[in-house]
Amino acid sequence: MSVQKQALLEVRDLKTRFYTFAGVVNAVDGVSFSVGRGEILGLVGESGGGKSVIGFSILGLIDPPGKVDDGEILFGGVDLRRKSEKELQKIRGKEIAMVFQDPMTSLNPLQTVGEQIDEMLRLHSDLDGKARRARCIEMLSDVGISEAEKRLNNYPHQFSGGMRQRVVIAIAMIAGPQLIIADEPTTALDVTIQSQILKLMKQQVREREASMILITHDLAVVSQMADEIVVLYCGKIVEKGPKQDLISKPAHPYTQGLLGSIPKLHDRQDRLTQIPGTVPDVRNLPQGCNFRERCPFAQARCAEEEPEQHALDAGRSVACHFPLEQELAP
Amino acid sequence: MTAFLEVENLEQRFDVSGGPLDRLRFENGVPTMARRIVHAVNGVSFEIQRGEVLGLVGESGCGKSTVAKTIARIYRPTGGAIRVDGEDVSQYDYRKMLPVRRKVQMIFQDPFASLNPRQRVRDIVMEPMIQHAEPGDKTIEKRAMELLARVGLRPEHADRYPHQFSGGQRQRIGIARALSVDPQLVIADEPVSALDVSIQAQILNLMMDLRDEFGLSYLFITHDLSVVRHISDRIGVMYLGFMVETAPRDKLFEEPLHPYTRALLSAAPAIDPDPEAEEEIELTGEVPNAFDLPSGCCFRTRCPFAFERCSRERPVLKEAASGHQVACHLLDGET
């Protein structure tokens with residue numbers, strides 16, 4: 001591995017489990033990755049992949065029956081798992097902010113958006129009321145809301161979905177966090193609004209030299225936004241690497257299958273290459289490789305031995321006994 | 001040969017004024033009874049040939065689902081004609097619709113809400129057939145089992161309940177139910193939007209196979225441009241209850257003419273970005289609400305090319321090239 005600049009966040013062997021009556025769910029099962037300063041990392045996978053749970057685990061927001069059982073979450077070299085709830089509260093919002101999927105439910109309907117943006121400054125800065133208000137107005141116009149001063153006094157229901165997501169981004173950004181975790185930030189939005197919001201997020205992250213973890217099921221969105229991509233399947237990382245390589249030359253059959261399942265916008269093919277079957281029940285995972293029952297290349301070894309993550313060239317790694325080598329047609 | 005489905009000037013308004021007390025307003029001290037009307041579909045016309053797949057795209061609130069539900073006659077249209085096989089069904093009552101429903105079936109978006117949780121899968125698929133068959137028809141059950149096998153379910157699945165299935169499997173049940181009465185047109189309203197990508201590909205492939213096998217036409221409603229490109233022969237783009245452009249699939253993607261279509265295409269995220277893509281058209285602002293439509297062109301409030309005529313005169317759908325219709329004043333050449 002080449003010498004890398006120091007990572008802002010490093011997650012090592014993270015294990016998050018949910019102890020339900022129906023059995024233990026290994027939602028995140030030994031995941032390791034790092035996010036460099038100024039980097040956008042995409043976490044992709046289908047439902048049940050564990051991508052949202054990773055986001056919540058980093059912020060210490062896993063509630064019982066869930067529990068972060070093992071692993072280290074090093075943020076700027078310090079393990080967040082060893083912090084008390086009180087210390088975490090100082091970090092949430094100030095150092096690490098989160099943007100949630102649904103802008104309809106992540107804002108408080110009984111408070112004006114001004115109060116909600118201001119709350120971050122009240123908690124995390126020592127500015128006085130006047131200075132805070134000025135910051136709020138500035139932030140709100142930064143995220144593209146016109147007449148910001150007037151809009152501060154509006155309630156969330158007076159905004160459309162896209163505008164609300166802009167407000168949520170303003171809240172996330174205002175305390176100047178170093179890391180933003182965005183969990184499906186545009187899934188609830190229309191395409192033209194989605195593209196506005198994605199551009200805004202990228203611009204804000206780059207301008208402030210912050211880092212971002214973008215959690216999404218949409219490979220197309222990730223391929224536009226991310227520098228690095230991590231692909232998850234059943235709580236495990238199946239493949240990670242720089243965006244361009246991973247998309248043009250997937251090494252794991254699951255990544256290849258996902259890419260083939262997406263209808264191409266510019267090169268239409270007659271039939272989609274589909275992944276057969278469905279995601280296995282997380283309480284009852286198959287022996288060996290989690291993906292083997294759906295994998296067209298599975299062999300005897302895949303049923304016996306679980307593949308370990310091993311490095312490929314160019315900063316990539318894959319968890320597969322028989323990684324693919326051919327390049328996908330562009 | 002005439003088209004299987006002809007929709008002409010379809011109009012659907014919803015009165016959401018509420019009761020008299022909701023409606024009471026005072027304008028300059030004069031009590032008036034205000035009405036609030038949602039203009040969901042405003043004069044949409046299109047045809048679907050036998051065996052053809054027409055994709056309708058647009059963002060939320062553009063009226064695409066209302067078009068679907070009105071053609072399936074879940075709603076009664078407030079204006080216009082719906083001709084199925086040459087027969088205008090737009091004002092038919094329930095009883096007269098029954099034989100028509102045999103020809104036109106629907107697949108819904110949410111596979112969790114569109115199946116009766118208290119019915120076994122077998123009964124779900126048999127129900128439309130029982131409605132249409134002679135009493136005592138013994139072949140119904142056999143046919144239901146064949147259909148379940150065809151959409152990729154196993155025989156033992158027939159006696160289970162919907163909650164025992166995953167989203168993709170439920171959508172397969174919905175497809176089997178729609179096909180049970182041998183329809184000629186299937187209206188699919190966002191049938192894959194609730195599914196994961198790998199499952200989405202399975203369902204899209206299944207729907208394509210079934211079309212060839214049963215000679216179906218589809219009216220395929222979706223907000224996802226890559227899905228619509230994959231499945232459609234012809235595509236209609238809707239905005240605020242108007243059809244702004246219709247064209248054969250490849251034509252629409254290679255040579256979009258309406259500014260909204262162009263903006264929509266350039267906004268869509270793609271894993272295969274088009275290297276020759278023209279300069280991106282970025283839209284500002286949001287869709288106006290359907291209570292008061294803008295005067296003139298529906299898109300002028302967000303259109304980067306809007307000029308004076310656009311607010312004065314509503315553009316109509318005109319043939320720009322063979323099979324390619326656009327509703328935009330820019331094409332008349334005068335600015």
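Author: Gladly! Let's start with a helix pair: α6(A) passes α7(A) in a right-handed crossing. A crossing is right-handed if the near helix is turned clockwise from the far one by less than a right angle, and left-handed if anticlockwise. Helices (H or I, at least four residues) and strands (E, at least two) are DSSP runs, numbered from the N terminus.

Reader: Which residues of α6(A) and α7(A) make the contact?

Author: Contact means heavy atoms within 4.5 Å. From α6(A) come A:Gly162, A:Gln165, A:Arg166, A:Ile169 and A:Met173, and α7(A) contributes residues including A:Ile193, A:Leu200 and A:Val205.

Reader: Before going on, what kind of model is this?

Author: This is a predicted model, where local features need pLDDT of at least 70, side-chain atom pairs count only at pLDDT 80 or more, and totals for chains, interfaces and linings use all residues. Residues are numbered from 1 along each chain as its sequence is written, chains are lettered from A and ligands numbered from 1 in the order in which they are written, and side-chain values use heavy atoms, leaving out hydrogens and water.

Reader: How do I read a sheet?

Author: Strands of a sheet pair through backbone hydrogen bonds, either parallel or antiparallel. Two strands pair if DSSP finds at least two bridges between them. In chain B, eight strands form an open sheet with mixed pairing, in the order β8-β9-β10-β5-β11-β12-β14-β13. Its edge strands, β8 (104-107) and β13 (318-321) of chain B, each pair on one side only.

Reader: In which sense do β9 and β10 of chain B pair?

Author: Strands β9 (residues 185-189) and β10 (residues 217-222) of chain B are parallel, with five bridges. As an example, B:Asp189 has B:Ile221 of β10(B) as its bridge partner.

Reader: And what does β1 of chain B pair with?

Author: β1 (residues 5-15) of chain B runs antiparallel to β6 (residues 79-84) of chain B, joined by five bridges, and B:Val7 stands opposite B:Ile82 in β6(B). β1(B) also pairs in the antiparallel sense with β4 (residues 37-48) of chain B, over nine bridges; there B:Gln12 faces B:Val41 in β4(B).

Reader: How much area do chain A and chain B bury between them?

Author: The size of an interface is often given as the accessible area lost when the parts come together. Buried area here is the accessible area (1.4 Å probe) that two parts lose on being put together, summed over both. Chains A and B bury about 3,500 Å², 54% of it on carbon and sulfur atoms. In chain A, A:Leu265, A:His266 and A:Arg268 lose the most area to chain B, together 21% of what that side buries.
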